[in-house]
Amino acid sequence: MISFEMPKPLVQTRTVVKTVAENMMRPVSREMDENEHEIPWAYIQFMHTAMKALGGSSMAADDPPKKKEQDPKKEKRPSINYQCLMVMVEMLSWGDAGIYLCTPGGMLGAAAVGAAGTPEQKKRFLSLFQGKEPVFDAMAMTEPEAGSDTSAIRATAVLDEKTNEWILNGEKIFVTAGHKALVDSKGFIVVWASLDLEAGRAGIRSFIIEADTPGCKVTKMEEKLGIRASDTVSIVMQDCRLPFDNILGSPTIEKSTKGYKGAMATFDATRPIVAASALGVARAALEFVHEKLAEENITIRYGLPRQKMTNLEREVIDMETQLRAAWLLTVKALWMADNKKSNALIASMSKVKAGKVATIITQKAVEIMGPVGYSQEYLLEKWFRDAKINDIFEGTGQINLLVVARNILGYRGSQLR
Amino acid sequence: MYSFTPTEEQQMLLDAVKRYADQDMRPAAREADEKSELPRDLIEKGWELGVLQASIPEDYDGFGEYSTLTGVLAAEAMAYGDLSTALAVMTPNLFALPIFFSGSEEQKKEYLPAVIAAEWKAYTAALIEPTFNFDPWELTTSAVLAGDSIVISGEKTYVPYAAEAEAMIIYANLDGETQGFIVPQGTEGLSVGERQKTLGLHAYPLYSVTLDKVKIPADNRLNGSEGHSLKSIMASSQVALAAMAVGVAQAAFEYAVDYAKEREVFGVKVAQKQSIAFMIAEMGTDIEATRLLAWEAAWMLDEGKDEADKHAYLAYNCAVDTVMMVTDQAVQILGGHGYIREHPVEMWMRNGRGFAAFTGLALV
């Protein structure tokens, strides 16, 4: 039966996370924005302790399997892990999208391990988050000459058969939280590299590089339009040696792109999570607009025929409609992920829609609010800057449109470039 | 818990409506549009699916339980077949559902069994008024209480099947509030004008209606002297129209996708061009999003959630834009062929533009 009732545990989660967002994030939002590259340790320590206390050690939906006695009489309920993650990410991003990206525990890297790793790898790497100190992970895919076109990846991985180690060489850029994963904590990054440059995408695999691995260095910290609390770095690998078991998925190159596709499957889970972050920022902006209008005693009249609405009403109602539309796509995408239904189409739809909606809502909000919107006295102008990243990372809006189109049309990459 | 899976019963109904849409509505739609006439047996066949009958309880000779959500699912599937036919099949809803939502017990007992009797019969409603500034909450048609009677005067437009309707609900302004009044055909002062010609919906018979001091018993007011709120009727209309807009959009979308995968340009299929593929991706995304808005609003109405009315309005607001965008893009993807009446997309585009004006023209 169709139902839009938020599961009870998620309602509680939302309330708890809202308190965190209000007390740990909003008060330092401006400060963290103005002091790029400073780390919000208070938030990080708090989240690390809180998540450990709650029994979860990471924000990855696929935690290492817990030894929990299942009551055989009890019917197994479908998982709500991804839906829970969505609620957290949305609310934390409502608090501050940059600080949210500093949340310790498994993020994109853990998602990749969860999607493509063996049970041993899941146990080995995801347990890193359960230690005393907060630990971070990151995903390193983009290169100076390879953005959305991952087939252009030039980083290489060669097996040294004598030592049974992988040797990685290459440069990665735009690695979100890379500094925190490798320098500020004993975390890891998931790096995409080619086993055979001739093989194109079929040769691409992902590898895990842990902190303190010789031959792997953070070389640059970017300065950005928004999400300044989160570090974005370049990483250089120079004869960086990894144990054989640090490869995710199959080490053999098949003719097919099965291995590559496995890695891409990570996105079916992570794209709606990025969408959730976009939704949080957009909601913050929209709520701000409503607050300011209320202060001026301006009410938005719902239910009017269009020809009777003021322009302001039309704009605000459209913003609200679009935000809800994107939210619903995201909920459905993650509900499908939790119920192990194939969600590639709607996962990318949610990312397209949320990325676009968040960008438009924050831009419109600044416009509507005039001098108030443009001023640094309020956070709205920051949200305008923060929101834009959601239409860029984890696949630009255009790449996601391409994925949506391929899924609708039943085309392979070669048929629709 | 969230769920996006219809119940088995809902799915069976959807499958039946889909068969009707594919096998009966689609083949008849173009000719009906050209001739401005719907075959009666086509309407009858749709009526036999029993969507309305299944939402009226046994007490009133129905055989089911009312569910906005089921109504919304069925409305989308109907409109996917053909909007004119769908609206025709659903025309008795315009009379029956306001009575079911807001009527007194006597009114329900008197009218509902008649409406949902075996055969489809025209029962209708008159809400829309012939001014661009039409607002269902501030009608110019007036109702005045005169002893045991009510006297209604005004102009109505877009009244479906007015010429042959057994009875209709006339909405009028009573002391600043919109109220519904049950007016039987042939009541003195009620005159049905010429059939109206509109941009779309050619097959659906719409009439103007003039009310010249139409005098009816005061008991014919919906819910008698206590009156009723317009809210549930408006919300029902908004989710119905949202769902039907999604149905029309889905039809145009699928047609454009099929065409784009067939049509060759510069040695490839036109769908292989990013400019076209991106249009298709946006159409598909907005249709799914709008559908979810309509489902959610319907679910909220069924559950009696706070702000259900607002969400019905948001869904409708979204659907009006989605259906226009999608049908327009479908015509665009077919290019010159889209403009030719051999293909259905131009008809869907004409029908699609109407949703902003269709307030109250469909109820679930």
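Which strand of chain A do two bridges join to β1(B)? Select strand β1 (residues 3-4) of chain A, which runs antiparallel to β1(B). Strands here are DSSP runs of E with at least two residues, helices are runs of H or I with at least four, and both are numbered from the N terminus. Two strands pair if DSSP finds at least two bridges between them. In this pair, A:Ser3 stands opposite B:Ser3.

The model is predicted: local features need pLDDT of at least 70 and side-chain atom pairs count only at pLDDT 80 or more, while totals for chains, interfaces and linings use all residues. Residues are numbered from 1 along each chain as its sequence is written, and chains are lettered from A and ligands numbered from 1 in the order in which they are written.

**Stop 1: where the chains meet**

Now select both chains. The contact takes 39 residues from chain B and 35 residues from chain A; two residues are in contact if their C-beta atoms, placed from the backbone, lie within 7 Å. On the chain B side, the elements that give two or more residues are β1 (2-3), α7 (231-262), α8 (274-303) and α9 (308-334). The chain B side divides into 23 nonpolar, 10 polar and six charged residues. Ala, Val, Leu, Ile, Met, Phe, Trp, Tyr, Cys and Pro count as nonpolar, Asp, Glu, Lys and Arg as charged, and the others, Gly among them, as polar.

**Stop 2: chain B as a whole**

Chain B has 11 helices and 10 strands. Its radius of gyration is 20 Å, close to the 21 Å that the globule rule gives for 364 residues, so chain B is as compact as a globular protein of that length. The radius is taken over C-alpha atoms, and the rule is 2.2 Å times the number of residues to the power 0.38. Along the principal axes, the C-alpha atoms of chain B fill a box of roughly 80 × 50 × 35 Å. Of the 364 residues, 55% count as buried. A residue is buried if 20 or more other C-beta atoms lie within 10 Å of its own, exposed if 12 or fewer, and partly exposed in between, with C-beta atoms placed from the backbone.

Next, colour chain B by domain: domain 1 (8-115), domain 2 (123-226) and domain 3 (231-356). Domain bounds come from an automatic or database domain assignment. The C-alpha centres of domains 1 and 2 of chain B lie 22 Å apart. Their contact takes 20 residues from domain 1 and 16 residues from domain 2. On the domain 1 side, α1 (8-35), α4 (83-89) and α5 (91-102) of chain B each give two or more residues. The most come from α5(B), with eight residues.

**Stop 3: two loop residues**

Most residues other than glycine have a negative phi. Select B:Leu201, in the loop between β7 (190-195) and β8 (206-217) of chain B. Its phi is positive, near 50 degrees. Is B:Leu201 buried or exposed? B:Leu201 is buried, with 24 other C-beta atoms within 10 Å.

Bring chain A back and select A:Asn297, in the loop between α8 (258-295) and α9 of chain A. A:Asn297 has a positive phi of about 60 degrees and is not a glycine. With 6 C-beta neighbours inside 10 Å, A:Asn297 counts as exposed.

**Stop 4: a helix pair in chain A**

Select helix α4 (residues 81-100) and helix α9 (residues 311-338) of chain A. They pack at an angle of about 145 degrees, with their axes 7 Å apart. Axes are lines fitted to C-alpha atoms, for helices over the stretch in contact, and angles run from 0 to 180 degrees between N-to-C directions. Among the residues that meet are A:Tyr82 and A:Met86 in α4(A), and A:Leu334 and A:Trp335 in α9(A). The residues of this contact divide into six nonpolar, three polar and one charged.

**Stop 5: a strand in chain A**

End at strand β6 (residues 204-210) of chain A. Six of its seven residues are buried, so β6(A) is largely enclosed by the rest of the structure. Strand β5 (residues 188-194) of chain A pairs with β6(A) in the antiparallel sense over seven bridges, and A:Ile189 stands opposite A:Ile209. Two bridges also join β6(A) to strand β9 (residues 247-248) of chain A, again antiparallel. There, A:Phe207 has A:Ile247 as its bridge partner.
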